[in-house]
Amino acid sequence: MKYMGHKGKMLPVLGEILLHEGRNASQFADPFCGSAAVSWYMAQHTQRPVVAGDLQHYATARAAAVITRQYAIRSEKIIIPWFQRARLIADQIFDCFPNHFESLQPELKNFEKIQVEVHRSRKFSEQIFPDIIKKIGGIWPTSKAYSGYYYSPAQAIIIDALRQTLPEEADYRNIALAALIEAASKCAAAPGHTAQPFQPTESAARYIFEAWKKDIYYYVEKAVKEISAIHASAVGKAITGDYRETIAELSEGDLVFADPPYSGVHYSRFYHVLETISNGLEIDVSGRGRYPDVQYRPVSSFSRKSESLCAAKDFLAICASKKLKVVLTFPASKSSNGLSADDFIFIGKKLFSSVALEEVKTNFSTLGGNKIHRNPREFCQEAIITFRP
Ligand SMILES: C[S@@+](CC[C@H](N)C(=O)[O-])C[C@H]1O[C@@H](n2cnc3c(N)ncnc32)[C@H](O)[C@@H]1O
């Protein structure tokens, strides 16, 4: 999945540390699970239940698809009936526009023509599409919020049709939703994060069409195949909410992997598209990023510079009071939320009996660098800190 700061690349080192530190734990928690890369890894590599949490629903939906299931599932059992149901709905609309593949997903290279096509797509979404769905009914969050921006109208219709027709059986549904989120992240006409769609300017227009040409069904099928083949050893749990709710599930001696935000901007600003698809609810959006209003997006005290130090103290104090072991990753140098790994070490030394540090070199997203003032990705030292009670 396209996700900034995901710890998949660090797993060769981080995974070994977590497996070693968690050898005597009865449960493992990933309370800031994000892409769920670490939750999935731990669910597959330990015999212990994984409890994954995050403020955002799409993150826990991703986690649930693997950590709550103890057996592999044949992907075609999910894909064939699901795609049939979705196609019935999507094709109802496409049949009204027999040349929609040329008009909605054209193979254009010329920037001015792309601009015209983008504006035509937006006009279709704003002026024609509402009348169509009045007749056929249903819920169309992606088409209403993002069609003509992050997705072509045809892609948005397919995403909504797939969201409306998710399988009912819990394990199948979890896999299908996680796969849809992954496909949506890979097909969005936006940088890795989805804070803003590409604009139809001379330099960026071609990226819009590169993304709009992607076949949603293909990406969903690929993700279903990958996710349905992996599973947990023990049945875990996914909790959408503050990390405290995840930590509340643990007992003395359990292991927490903590990867709190390092950014001074809330994650909900970057992943609102995935959150909308995951929630499946229609929302009002505005601005260049087509965000829902801030009151509808989860905010984190870790991403407020004025509160981040308190948030770090609270988190470590809660874990120490429950006698939990914590393995925490954080950039070694000061991040945009004002914190660095040293702040966690300083706080932790007063609360835990031992604090051990390891550093690995990694690269991270600067959240939309423009290559002129800021590179989109930069190298940094990432600290892996183990706090033992
Ligand atoms: C650095 S990302 C985690 C990345 C993840 N480890 C991975 O490998 O993909 C931080 C995550 O913490 C979540 N978050 C922020 N504040 C939170 C809080 N108070 N409780 C739970 N989750 C929170 C964000 O939504 C975001 O998904």
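I take a polar contact as a pair of N or O atoms within 3.5 Å; within protein, one must be able to donate a hydrogen and the other to accept it, and residues adjacent in sequence count only if both atoms are side-chain atoms.

**Ground rules.** I am reading a predicted model, where local features need pLDDT of at least 70, side-chain atom pairs count only at pLDDT 80 or more, and totals for chains, interfaces and linings use all residues. Residues are numbered from 1 along each chain as its sequence is written, and side-chain values use heavy atoms, with hydrogens and water left out.

A ligand nitrogen lies 2.9 Å from a polar backbone atom of Y243. D242 brings a polar side-chain atom to 2.9 Å from a nitrogen of the ligand. For S35, I found a side-chain N or O atom 2.6 Å from a ligand oxygen. On its own the ligand has 610 Å² of accessible area, and the protein covers 98% of that (Shrake-Rupley method, 1.4 Å probe).

**Aromatic pairs.** I counted 19 aromatic pairs, meaning Phe, Tyr or Trp rings (six-membered ring for Trp) with centres within 6.5 Å; planes under 30 degrees apart are stacked, over 60 edge-to-face and the rest tilted. Y58 and Y271 make a tilted pair, 5.6 Å centre to centre with 40 degrees between the planes.
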